[in-house]
Amino acid sequence: MCVPAGSLTSYQTAAPGYTYVIANWPTGPGTKPGFQYLKPSMYWAASARSEHPAEAGLLIGFLTTDPRVAKLFGVDRGVPANPQFRDALSASLDANTKMAFDFTATMATESGTAPATTPNGASDVQIMIGRYNQQVLFGQLSPQDAGKAFVEELQRSIDAAS
């Protein structure tokens with residue numbers, strides 16, 4: 001079974017009797033180098049309206065850069081995005097976690113730049129795409145009308161969240 005590198009340890013824990021392999025995305029002859037990117041399993045954020053923005057920044061900095069946190073969190077949240085976190089954990093890896101770390105290191109050399117984080121109000125984009133896709137598939141909307149309606153709905157959602 002192929003699984004995402006960041007989820008390998010969770011899958012292995014849930015079903016230890018299976019053999020797992022991490023595989024790269026399939027590509028075709030015209031695939032441009034750097035088409036994929038490494039995505040952290042989670043992002044840390046603080047409200048722009050926080051009464052303590054400096055402290056929030058310090059907390060996020062601590063949670064994302066201090067090697068002691070790496071040892072506390074381990075790989076429960078996937079392969080850490082921070083190379084110093086991976087270094088702090090490298091001595092205590094089991095075979096599956098080492099496979100995930102090695103795969104991530106290899107992919108880092110082949111990956112492009114990650115896109116900007118999803119803007120506020122756009123987190124339901126996958127649901128919207130699915131809904132408009134179904135409306136096109138069932139003949140309720142033309143692809144052009146679905147595309148226009150999708151962009152308008154997404155923009156309204158982003159505007160409402162701002």
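Reader: Why does Phe150 count as buried?

Author: In this predicted model, Phe150 has 18% relative accessibility. Buried means under 20%, so Phe150 counts as buried.

Reader: What makes Tyr20 buried?

Author: The relative accessible area of Tyr20 is 6%. The cut-off for buried is under 20%, so Tyr20 is buried.

Reader: Why is Tyr18 called exposed?

Author: Tyr18 has 57% relative accessibility. Exposed means over 50%, and therefore Tyr18 counts as exposed.

Reader: Why is the aromatic pair of Tyr18 and Tyr20 called tilted?

Author: The planes of Tyr18 and Tyr20 are at 55°. Planes under 30 degrees apart would count as stacked and those over 60 as edge-to-face, so the rest are tilted. The ring centres of Tyr18 and Tyr20 are 6.5 Å apart. Tyr18 and Tyr20 also belong to one aromatic cluster with Tyr11.

Reader: Why is the pair of Tyr132 and Phe150 edge-to-face?

Author: The planes of Tyr132 and Phe150 stand at 80°. Over 60 counts as edge-to-face, so this pair is edge-to-face. The centres lie 6.2 Å apart, and the rule for a pair asks for within 6.5 Å.

Reader: Which parts does the pair of Tyr132 and Phe150 tie together?

Author: Tyr132 lies in helix 6 (residues 125–137) and Phe150 in helix 7 (residues 143–161), so the pair ties together parts that are 18 residues apart in sequence.

Reader: How do you know that Tyr132 is buried?

Author: Tyr132 has 10% relative accessibility; under 20% means buried, so Tyr132 counts as buried. The charged end of Arg131 sits over the ring of Tyr132, 5.1 Å from the ring centre.

Conventions. Residues are numbered from 1 along each chain as its sequence is written. This is a predicted model: local features need pLDDT of at least 70, side-chain atom pairs count only at pLDDT 80 or more; totals for chains, interfaces and linings use all residues. Side-chain values use heavy atoms; hydrogens and water are left out. Rings of Phe, Tyr and Trp (its six-membered ring) pair if their centres lie within 6.5 Å; planes under 30 degrees apart count as stacked, over 60 as edge-to-face and the rest as tilted. Buried means under 20% relative accessible area, exposed over 50%, partly exposed in between (1.4 Å probe, protein chains only). Helices (H or I, at least four residues) and strands (E, at least two) are DSSP runs, numbered from the N terminus. A charge sits over a ring if NZ of Lys or CZ of Arg is within 6 Å of the ring centre and within 35 degrees of the ring normal.
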